[in-house]
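The exercises below concern helix packing and aromatic pairs. Each task is followed by a solution in steps.

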Amino acid sequence: MTAVATGGAVVTATLDRLVRERATGALHGRAGALYLADGALVHAESPVVPDVGWRLTASGRLSRESWEEAVAEGGPDHRAGSLLVERGRLSRGELELCHLSALFDAAYFVLSPLDGSQRAPDRFLRGARHWFGPVRPVPVAAVRREVRRRRGLLERACPCPELDVSPVVPVPVPVPAPVPAPRIVRRSPSGAVLAAADGVRTPTQIAGALGRSAFATLLDVRRLAAAGLVRTPAPGTPPPRRARPAAPAARVPADAPEIFLLQRIRDALEAL
């Protein structure tokens, strides 16, 4: 086990060193973990991000039984993901895109904690491997670029970071509205987030309920806030004692812009 000092600059230096060493293992911290193999990122997980299994089952793409079977049989050999393809549960392309989405999503929150502490992962477990198994290794430099890009997207959408950690409160739209209502289609991903906003769940809890990208949900909430459709709780409002349990929603619309981006990233990785 290797101790790692805290701080955003330090975690960058640590990752750079692990890349140079072509290290294999898991960099753990309070916000999650990054799994490396030969210096490339092969998996990431965070408690605030729906994992691959939750995304596949909550969206209805995979039955819970099929997922649990793959984990039980393939997990001990670090090949749960590959087993889904071998048994025809998913195509290779579906597995790669879902895994890339979960990896970039979790890596963002590991490197940009929601509490704003910028506390770095604090220990490296050399040789550790994730039970899901490698799917598509991603260069650490590409992950860092994507983290910076996502920070910029949130800031441009609505520079209000408290939206990321507060319950999402819907704002009633007057009927008839004095001006044309913002074009938020209920069947779109933003519409699904708006429908799930209940004044209790935070953006990441909404993401868990919908089985979709946590970052994409943050971005949707900020855009909805900029459109005047959601807000943070009023000052002095006591925090809810307990959020509603995340209930899977069947057939959630796909995050099309994110899928297109992930396809481009996958093509770029194949060209390396």
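Angles of 65 to 115 degrees between axes count as roughly perpendicular. The model used here is predicted.

**Exercise 1.** Determine how helix α5 and helix α9 are oriented to each other, and state which residues meet.

Solution. 
1. Two packed helices are described by the angle between their axes and the distance between the axes.
2. For α5 (residues 92-111) and α9 (residues 214-226), the angle is about 70° and the axes are 8 Å apart.
3. The two helices, α5 and α9, are therefore roughly perpendicular.
4. On the α5 side, the contact involves Asp105, Tyr108 and Phe109; on the α9 side, Ala214, Phe215 and Leu218.
5. Sorted by class, this contact of α5 with α9 has five nonpolar residues, one charged and no polar.

**Exercise 2.** Classify the ring pair of Tyr108 and Phe109, and decide whether each residue is buried or exposed.

Solution. 
1. In the pair of Tyr108 and Phe109, the centres are 5.2 Å apart with 90° between the planes, and the pair is edge-to-face.
2. Buried means under 20% relative accessible area.
3. Tyr108 has 7% relative accessibility, so Tyr108 is buried; Phe109 has 2%, so Phe109 is buried.

**Exercise 3.** Classify the ring pair of Trp131 and Phe132, and name the cluster that contains these residues.

Solution. 
1. Planes over 60 degrees apart count as edge-to-face.
2. The ring centres of Trp131 and Phe132 lie 6.0 Å apart and the planes are at 75°, so this pair is edge-to-face.
3. Trp131, at 33% relative accessibility, is partly exposed, whereas Phe132, at 1%, is buried.
4. Ring pairs join Trp67, Trp131 and Phe132 into a cluster.

Methods. Residues numbered from 1 in each chain as written. Predicted model: local features only at pLDDT ≥ 70, side-chain atom pairs only at ≥ 80, totals over all residues. Heavy atoms only, no water. Axes fitted to C-alpha atoms, helices over the stretch in contact; angles between N-to-C directions. Helix = DSSP H or I, 4+ residues; strand = E, 2+ residues; numbered from the N terminus. Parallel < 35°, antiparallel > 145°, perpendicular 65-115°, else oblique. Contact = heavy atoms within 4.5 Å. Nonpolar A, V, L, I, M, F, W, Y, C, P; charged D, E, K, R; others polar. Phe/Tyr/Trp six-rings, centres within 6.5 Å; stacked < 30°, edge-to-face > 60°. Buried < 20%, exposed > 50% of the residue type's maximum accessible area, 1.4 Å probe, protein only.
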